[in-house]
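I open my notebook and go through the chain one stop at a time. Each entry says what I looked up and what I found.

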Amino acid sequence: MDSSTNSLDDASADGSTDFPDRASMMEVRLQAQEDEITLLKSSLADALRRIRLHDQLLPLLKQQLIAVNPGAARVLNHVCCSDGCTGSKRLSSSSAVDGIRHPASQLSDSIVTNANGHIGSPVSMIPRPRSATLDRSTQTEPILPGQDTGQDRVPLPRRVQSLQLEDALPPGQPFVEGTRAKLHRAPGLEEEEEEDEEEDEEGGGEQEKELSWTSSVEESIQPTTIRCLQDFQDGSCSPEELGSASASVRTSDSNLSSRSGPLHPIQEGEKKPLVRRNSEKLGNPEKQRKRLDKKAASSANLLTRSPSLENRAKELVAGAGSPGSRRGTYSQEQSIKMFIRGRPITMYIPSNIQNYEDLKMEPPSERLELDWVYGYRGRDCRANLYFLPTGEAVFFIACVVVLYHINNRTQRHYHKHTDCVRCLTLHPDKVRVASGQTAGVDKDGKPLHPCVHIWDSTTLVTLQQIGLGSFQRGVGSVAFSFADSGAFLCVIDDSNEHMLSVWDCNKGSKHAEVKSTNEAVFAVEFNPSDSTNIITCGKSHVYFWTLTAGQFTKKQGIFGKYKKPKFIQCFVFSLTGDVLTGDSEGNILTWGKSAADVKTLGKGAKETFQIMRQTRAHEGSVFTLCTLQGGALLSGGGKDRKIIRWSADLAPERECEIPENYGAVRTIADVDGEELLVGTTRNAILRGTFSDGFVAIVQGHVDEMWGLATHPSQNIFLTCGHDRQVCLWNTEEHKLDWCITLEEYGLCAGFCPNGSVVSVGLSTGRWMVLDLLTREVVSESIDGNEQLSVMRYSPDGSFLAVGSHDNFIYIYNVTESGRRYTRFGKCNGHSSFITHLDWAKDGKYIMSNSGDYEILYWDIAAGCKLLRNRFESKDREWASYTCVLGFHVIGVWLEGSDGTDINALCRSHSERLVAVADDFCKVHLFQYPCPKPKAPSHKYEGHGSHVTNVCFTHNDSHLLSMGGKDTCILQWRVIGGGAGDSRERLASASSASTSSPEPATS
């Protein structure tokens, strides 16, 4: 027998290593608790920091109020005295007079100017350790604000050099002592300077690498304040006007979040340089001087951009709303943070959402209904194909038992199993079916118990659930009794002892149980004429069991002079009552009872089961035996792929060989004595006769699948996987159009918008373009030496983006209707492998995700440039949405997700739905967009392994989902739904929430 067969036969014996033990379950729970503790610590630290900032901000606000209204000094002084304020914080009459006499020097000290034109009050300097995994392009970096307010400064643990406003003034410009402004980078702006990074590496010590400083108060700027700042330097603005402007800023924006602040940078499209915020480090004085000179020039440029800043300030004032309720998570009208494994991911809220907190998430009105199942599990299962009197073939794959009408080409499905179906048997009445499933685990790591379902094949109603909680790991084999019209069911589980149990089908109770063997067991059957006799076979054994008064006795078949095979693969009962077995040596052995050998075994010896005859049948294993009416026998071979018909006395009559691409014969089902159904080891079901040959009526992949793509205008889709097959399927006719085999396995695919070609990404960094009609390779290229994960064409088909595990996105120009490709550029900026990417509707920008949970944006038209200011992409519209990380799909993530729980998602073309493929065998259907956590969804089961990909057809009539190890493709019909797209729904929800005070429900 070939090596692949041996490995398959040993699968049951080796299955014990796959069962999660108590230690692994505890580790999962411990990791979840650690993540919760991390989030709680972060929230607590943020709350304490905000309290300190508000305490420090209070006296400054009082000073500004006195500067605007001197008469308030007496009232404030009285309030401070009555509240027991300390002398350092109490405002006396003299301080009020000083505030009137010299407002410029005091107020200018209290102004902190951000790089995007915001003015904020001075804040405390709070050290925060910098995470080694913090990525500049994904998170908001720590900043180093200065503090020079004229008051007592907090001593710093190390020397800090900060950019002062006097450095930014033009030469010769007078400077008023005490007037300073700290320049910070605008939130969301991710501009990096290679020179600064080199200087940081040379001059920074270990302490500087671990410590950073954060300013948590950033407030919007008023247009009058901007003008007064410039006029004040020119001498045309009085100190009183500046103080009034500053006070108006603090009054109008006092409700802004103190953690994030307004995150509006310069409007999109402007190319004027922005100032970068950096943590200054000790180093070479010459290098520090050059750095300050460089930043001073940028500061001067900032002061000349008042018109743009005025427009942004007007937008801020006009769009002000109520502050968010989730501290540290939501910054009003700006951004929201989600945490994956304790790492914050900032996402910016689009402009059309007025009140994020009041958005209501609802499940979609559309639902999914299982329409078709592609595939069959013949690779590692036996005796799993039967023919019903209704003209339907019964087989299973993943968690679904399929009833396929071979003439009408229709399917019905029994999908009450919660995990993969492993075995199947037909009741003597040809109506009832028993199917056993394997054990599994839920998303929390808790085991799901295996069981056997007895159900009606006509109504698909479950009649009995057998053995829930009694079996371990899974159910390997099942069989109904025949002599008593199927009153009992025999079950072999997948535990180490392979427990043999007999159950009362009507009562659902256990009748008897015994340990069978520690070796793998492949089949079990009742003797058709005596329900007290049961036979099992498997690795190196065939056992004859007798059940008496609830107790089992076992007799082992004796091979005697015949070579003992490694595996007894199958057996049947002949019309004469003999037992015929097929083994891994290619022989059919005839077993019978023999009288007790008193001479050899001594007095009291009992009868034994011995080999009466050996018949050479096949080259390689005999995988299946099937008896026909009249006593004829069919055998199916492994290595030779032959089906042989034998007479009742085991004389060969006819034979045929199935095509090599379908694999070996796994099982045979008789249709009418002439026509046969044949299940193969390459997951195909063939239909035919000895004279006419066999054709495939069911086909599927034979190994893990990842690549899935739907045609832009036709009802076809393409799949590829680890079996090196590329298959094109028809969703209307439910069949395989064509299949080709590659030298390497494919992992991703994408159709060109014109629909004539499709690109396939392989495991070695190579990718090829196939013509759909001729199946020929029209173009081929290679990018790096690591596997490719995404192939995505731009909406107009002029570009192709190739995402790789080498952290790069390769961009190609596409010409000649998708038949010619030239390298355009390479997107370099991710710190981990590319997982998903999407094009903007204008075909100029790309959004991408990576393995370390980054969200980056790229300007392709500008030469594959990384957009450091991610805020500018918040209102961009995307031609597709497959990125699992993004504002519009926050709600698809479950609480406590580790970042790998969602393998893929896909937005419908109508932009109403988003389908999600998760790691727990589920397909979810959400409303699109779903920007709030814990969004409700419809959940669908059917896959028996992690769902690797999902995709809508071109007209959104169907959804396709693809399993990993279960090699199953499920086609779901989209039913229900109404009119309107996602933008209309989002706008209506936002406007309704503006006028409705009720909180959102999730």
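**Entry 1: positive phi**

I looked up K430, which lies in the loop between β13 (421-426) and β14 (432-437). I take helices (H or I, at least four residues) and strands (E, at least two) as DSSP runs, numbered from the N terminus. The model is predicted, so local features need pLDDT of at least 70, side-chain atom pairs count only at pLDDT 80 or more, and totals for chains, interfaces and linings use all residues. Residues are numbered from 1 along each chain as its sequence is written, and side-chain values use heavy atoms, with hydrogens and water left out.

K430 is not a glycine, yet its phi is positive, about 65°. I noted the background: most residues other than glycine have a negative phi, and most peptide bonds are trans. Is K430 buried, exposed or partly exposed? K430 is partly exposed, because its relative accessible area is 44%. The cut-offs I use are buried under 20% relative accessible area, exposed over 50%, and partly exposed in between (1.4 Å probe, protein chains only).

I then turned to R341. R341 sits in the loop between β6 (335-340) and β7 (343-348). R341 also has a positive phi, about 55°, and is not a glycine. R341 counts as partly exposed because its relative accessibility is 41%.

**Entry 2: a cis bond**

Which peptide bond is cis, with omega near -5°? I found the one from Y928 to P929. P929 is in the loop between β57 (923-927) and β58 (937-940).

**Entry 3: the sheet β39 to β42**

I traced an open sheet of four strands, in the order β39-β40-β41-β42, with antiparallel pairing. Its edge strands are β39 (705-710) and β42 (735-741), and each pairs on one side only. From one strand to the next, the twist averages 20°. For that angle, axes are lines fitted to C-alpha atoms, for helices over the stretch in contact, and angles run from 0 to 180 degrees between N-to-C directions.

Two strands pair if DSSP finds at least two bridges between them. How many bridges join β40 and β41? I counted five between β40 (residues 716-721) and β41 (residues 725-730), in the antiparallel sense. C720 stands opposite V726 in β41.

L728 is in strand β41. I call L728 buried because its relative accessible area is 4%. L728 and L718 are ten residues apart in sequence, and their C-alpha atoms are 4.5 Å apart in space. I listed contacts next (heavy atoms within 4.5 Å). Not counting residues up to four places away in sequence, L728 touches several residues, including I716, F717, W738, F751 and L772.

**Entry 4: C748**

C748 is found in strand β43 (residues 746-751). It is buried, because its relative accessibility is 5%. Setting aside residues up to four places away in sequence, C748 touches, among others, G707, C720, V760 and M791.

**Entry 5: the sheet β51 to β54**

Here I found another open sheet of four strands, ordered β51-β52-β53-β54, with antiparallel pairing. β51 (834-839) and β54 (865-866) are the edge strands, each pairing on one side only. Five bridges pair β52 (residues 845-850) with β53 (residues 855-859). N849 stands opposite I855 in β53.

**Entry 6**

Six of the six residues in β55 (residues 902-907) are buried. Five bridges join β55 to β56 (residues 913-918), and the two run antiparallel. The bridge partner of R907 in β56 is V914. The hairpin has five residues between its strands, and E911 there takes a positive phi near 60°.

S908 lies in the loop between β55 and β56. S908 counts as buried because its relative accessibility is 1%. Leaving aside neighbours within four places in sequence, S908 is in contact with L913, F952 and D956.

C951 is in no disulfide, as the nearest cysteine sulfur, that of C906, is 4.3 Å away. C951 is buried because its relative accessibility is 13%. C490 is buried too, because its relative accessibility is 0%.

Technical notes. A disulfide is a pair of cysteine sulfur atoms within 2.5 Å.
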